[in-house]
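My notes follow in the order I made them.

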Amino acid sequence: MELRESHLRYLLVIYELGKVKPDVGTADIAKALDCSKASVTNMMSTLMELGLLVRERYGKIYLTDTGFLLARDLFRCVEEIHQRLPALGLGMTAEESKNLAHTIVLNLLIQYVRAHEINNLSGYTGEYVDKLYQYIPLIDESVYDDDARS
């Protein structure tokens, strides 16, 4: 099974919803992503196959330990970028800024995996680079060619 940007986006939404309410359902995810419950159900099957979540029959959705850790670390990166975007003066709404932060983080991760290296010219060492290296093998095994958009 190939891990795609859309899979990571769903994972982040489930993580964010789970921070507000412990029992997340397909209707919650569909509303957050503005898509059909059928689409969410299909994606849940895919994410279960990847070992990133478990779902009770006709019930609630929970991230596995791997899914939780990946989503948590991606969320931290998204929040960091989201906080810095207003300083660029792009005139975006908060929602547009959040969506752009998601897109930046997810596509950078996929591109790093494709390049098999991280462009770290400044020599930065720290939590985020460590986490990125930690998750590269997971994504490297399942990256899909159409994920990155030029």
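The model is predicted, so I used local features only at pLDDT of at least 70 and side-chain atom pairs only at pLDDT 80 or more, while totals for chains, interfaces and linings use all residues. Residues are numbered from 1 along each chain as its sequence is written, and side-chain values use heavy atoms, with hydrogens and water left out.

Entry 1, helix α1. I took helices as DSSP runs (H or I, at least four residues), numbered from the N terminus. Helix α1 covers residues 5-20, which is 16 residues. From first to last C-alpha it reaches 23 Å, close to the expected 22 Å; the expected span is 1.5 Å times one less than the number of residues. Its buried residues include Leu11, Leu12, Val13, Ile14 and Tyr15.

The 20 residues of α4 should span 28 Å, and its end C-alpha atoms are 29 Å apart, which agrees. Among its buried residues I noted Leu70, Leu74, Phe75 and Val78.

Rings of Phe, Tyr and Trp (its six-membered ring) pair if their centres lie within 6.5 Å; planes under 30 degrees apart are stacked, over 60 edge-to-face and the rest tilted. How many aromatic pairs does this rule give? I counted two. Tyr15 and Phe68 make a tilted pair, 5.6 Å centre to centre with 55° between the planes. Tyr15 lies in α1 and Phe68 in α4 (residues 65-84), so this pair ties together parts 53 residues apart in sequence. Phe68 is partly exposed, at 37% relative accessible area. Tyr15 and Phe75 are also a tilted pair, with 5.3 Å between centres and 55° between planes. Tyr15, Phe68 and Phe75 form one aromatic cluster.

On a 1 Å grid over the protein atoms alone, a pocket is an open set of points where a 1.4 Å probe fits, with protein on both sides within 12 Å along at least five of seven lines; lining residues have an atom within 4 Å of a point. I looked up the second largest pocket, with a volume of about 260 Å³. Its lining includes Arg9, Val13, Leu33, Glu95 and His102. Helices α1, α2 (26-33) and α5 (94-115) each supply at least two lining residues.

Note on methods:
Buried < 20%, exposed > 50% of the residue type's maximum accessible area, 1.4 Å probe, protein only. Points joined across faces, edges and corners; volume = space filled by probe spheres on them.
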